[in-house]
Amino acid sequence: MNAIILAAGKGKRLGHLTKNKPKCMVKLFGKTMLEWQVSIFKKCGISDISVVTGYKAELIDLPNLEFFHNKNFETTNMVESLFCALKKLNESTIVSYGDIIFGKNVLNSLIESENNFSIVVDKQWKKYWEMRFDNPLSDAESLKIDHDGNITSIGQKVKEIDDIEGQYIGLMKFQNDGLTTIKEFYQKIKNQSKNNPNPINPDIAFKQSYMTDFLQGLINNGHKLKAIEIENGWLELDSINDYNKYTKFFSKKTISEFVDLDD
């Protein structure tokens with residue numbers, strides 16, 4: 001099993017924190033975001049770790065990692081970053097956004113899944129979103145799960161809280177037939193988009209596709225994406241507001257309400 005960390009973005013909403021460094025190298029609770037992730041992966045027995053870089057790639061210098069560079073990071077998004085590391089998509093691959101941290105229990109629940117497609121979903125998202133946003137619906141996206149535990153809708157804008165049965169956290173696993181499927185699906189939709197609208201999101205160019213666009217595209221094509229359900233246990237560093245709130249919780253020794261840093 002191997003891991004790919006997608007860390008090409010700048011993180012503009014972090015303001016001065018990313019003026020001179022990439023988002024994954026911002027320190028939170030004494031470690032960079034990347035150090036938190038690498039530490040958890042290794043604690044769970046995963047040492048084959050790759051990082052897809054972009055903005056200020058030369059500053060990402062942790063040892064014993066394999067690096068892939070998205071040279072078009074300024075004009076592309078997560079899907080293109082992932083396929084910069086195409087050769088690492090083999091056997092069983094965990095994919096993580098570079099701006100999250102998560103506990104060992106969260107990662108272990110993903111490792112243990114035997115499904116071709118496994119997507120981590122926070123069922124207690126509302127508590128976390130209410131801490132971060134005055135209006136949780138302003139940032140939340142759709143996530144619907146069927147009776148078999150498979151995701152039927154992901155990443156769509158919503159108007160009603162009932163359209164949200166959890167939140168996608170940016171952590172997933174592809175394995176077995178799932179890896180062949182995503183490679184073939186990526187090439188197929190990329191070819192289709194050359195002279196036509198983007199088949200997974202007609203509002204944007206294919207190269208700017210979000211990972212949720214890609215996952216929803218897989219669902220629409222009949223593939224079963226298993227929801228790996230958790231209850232908090234992770235953090236996303238998306239804005240300076242996030243940073244300030246997490247720092248405050250940490251100083252009050254109450255950050256454990258959302259993530260266990262001692263995992």
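**Close-up views of a predicted model**

**View 1. Packing of helix H4 against helix H7.** Helix H4 (residues 125–132) packs with helix H7 (residues 240–251) at an angle of about 105 degrees, their axes lying 10 Å apart; axes are lines fitted to C-alpha atoms, for helices over the stretch in contact, and angles run from 0 to 180 degrees between N-to-C directions. H4 and H7 are therefore roughly perpendicular to each other, a term that covers 65 to 115 degrees. Helices (H or I, at least four residues) and strands (E, at least two) are DSSP runs, numbered from the N terminus. This is a predicted model, in which local features need pLDDT of at least 70 and side-chain atom pairs count only at pLDDT 80 or more, while totals for chains, interfaces and linings use all residues. Residues are numbered from 1 along each chain as its sequence is written, and side-chain values use heavy atoms, with hydrogens and water left out.

**View 2. Residues where H4 meets H7.** From H4, Tyr128, Met131 and Arg132 meet Asn241, Asp242, Lys245, Tyr246 and Phe249 of H7, contact meaning heavy atoms within 4.5 Å. The residues of this contact divide into 4 nonpolar, 1 polar and 3 charged; Ala, Val, Leu, Ile, Met, Phe, Trp, Tyr, Cys and Pro count as nonpolar, Asp, Glu, Lys and Arg as charged, and the others, Gly among them, as polar.

**View 3. Lining of the largest cavity.** The lining comprises 11 residues, of which Trp36, Ile40, Phe102, Asp260 and Leu261 lie nearest the centre of the cavity; on a 1 Å grid over the protein atoms alone, a cavity is a set of points where a 1.4 Å probe fits but cannot get out, and lining residues have an atom within 4 Å of a point. Helix H1 (33–43) and strand E7 (100–102) each supply at least two lining residues.

Note on methods. Parallel < 35°, antiparallel > 145°, perpendicular 65-115°, else oblique. 1 Å grid on protein atoms, 1.4 Å probe; cavity = no way out; pocket = protein on both sides within 12 Å on 5 of 7 lines; lining within 4 Å.
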